[in-house]
Amino acid sequence: DSYETFRSLQLANAVPVPGYYRHMAPINRSGPRVFGEPPRPPLLASAGLSQLLAAGTHVVDTRTRFDHAAAHVAGSVGIEDGESLLAYVGWLLPFNAPLALVTYGPEPADRLTTDLFRIGYEEVRGYLPFDRWDGQRPAALAVVTQEEAAHILETGRVPVVDVRFAYEQDLEPLPGALRRPIETITAWAETLGDERVLLVCASGQRATMAGSLLQARGRDVAVLADGGASDIRRILG
């Protein structure tokens, strides 16, 4: 009905703003480069993906969190394909950083490369379906059950890190867990101690993303990939 109503509704949205937003206005004002057709990422061989990874290219595994946790290219970051992938790329990876994708096939590689291009990530160097990976032995993420996560939090065996958004933590606190929202992970990733940490969120998606990023940086992590804070609270009563 009015500007003030619109303004108040927008400011009431507690979900954090995607990290790439701060770059979009200056690009739009100055005028982005015109490329013509949408980019098409080349198919990579395992050796090519390994070379890119060694050169500092960020490898994004877009498969489901369960597949990523079970087996993935060591050093890759798992950001599950879905409606929020672009937001998480903007929070977890530097803006317009060179990327390579691990996918299920060419269709998601083409689609995601175009989507990333539209938000300013113009340097997708290629993709590799994971079933074609024949490089070094795949890595894996340690995964715990809901019951195990509740026991770990209750006993304090290892630190539990809650990576939900701040408003979720305010609405449903998880006593005993460290509050570390995922959208600020680049600020707190290096502040954790050397011991193993358990990462939890609301469903397991963000915990696995954060865990994969920390693992790629050499940290010892475990994740609750199927379940979250409400399940832990229910188990603990």
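This is a predicted model: local features need pLDDT of at least 70, side-chain atom pairs count only at pLDDT 80 or more; totals for chains, interfaces and linings use all residues.

Colleague: In what order do the 4 strands of the open sheet run?

Modeller: The order is β2-β1-β3-β4, with parallel pairing.

Colleague: Which strands stand at the edges?

Modeller: β2 (77–78) and β4 (124–129). Each has a single partner strand, so one side of each has no neighbour in the sheet.

Colleague: And over how many bridges do β1 and β2 pair?

Modeller: Over 2 bridges, in the parallel sense; β1 covers residues 58–61. Asp-61 sits opposite Gly-78 in β2.

Colleague: Switching topic. How many salt bridges?

Modeller: The count comes to 15. One of them joins the side chains of Glu-168 and Arg-206, at 2.7 Å from N to O.

Colleague: What does the pair tie together?

Modeller: Glu-168 is in helix α8 (residues 166–171) and Arg-206 in helix α10 (residues 205–216), so the link ties parts 38 residues apart in sequence.

Colleague: Is Arg-206 buried or exposed?

Modeller: Buried, at 9% relative accessibility. Glu-168 is buried too, at 15%.

Colleague: What about Arg-233 and Glu-172?

Modeller: Their side chains form a salt bridge at 3.4 Å, N to O. Arg-233 lies in helix α11 (residues 229–236) and Glu-172 in the loop between α8 and β7 (178–179), so parts 61 residues apart in sequence are tied together. Arg-233 is partly exposed at 36%, and Glu-172 is partly exposed at 26%.

Colleague: And Glu-190 with Arg-217?

Modeller: A salt bridge, with the closest N and O atoms 3.1 Å apart. Those parts are 27 residues apart in sequence. Glu-190 is exposed at 58%.

Colleague: Which residues do shared partners join into one network?

Modeller: Asp-162, Arg-164, Glu-172 and Arg-233.

Definitions and conventions: Residues are numbered from 1 along each chain as its sequence is written. Side-chain values use heavy atoms; hydrogens and water are left out. Two strands pair if DSSP finds at least two bridges between them. A salt bridge is a side-chain nitrogen of Lys or Arg within 4 Å of a carboxyl oxygen of Asp or Glu. Buried means under 20% relative accessible area, exposed over 50%, partly exposed in between (1.4 Å probe, protein chains only).
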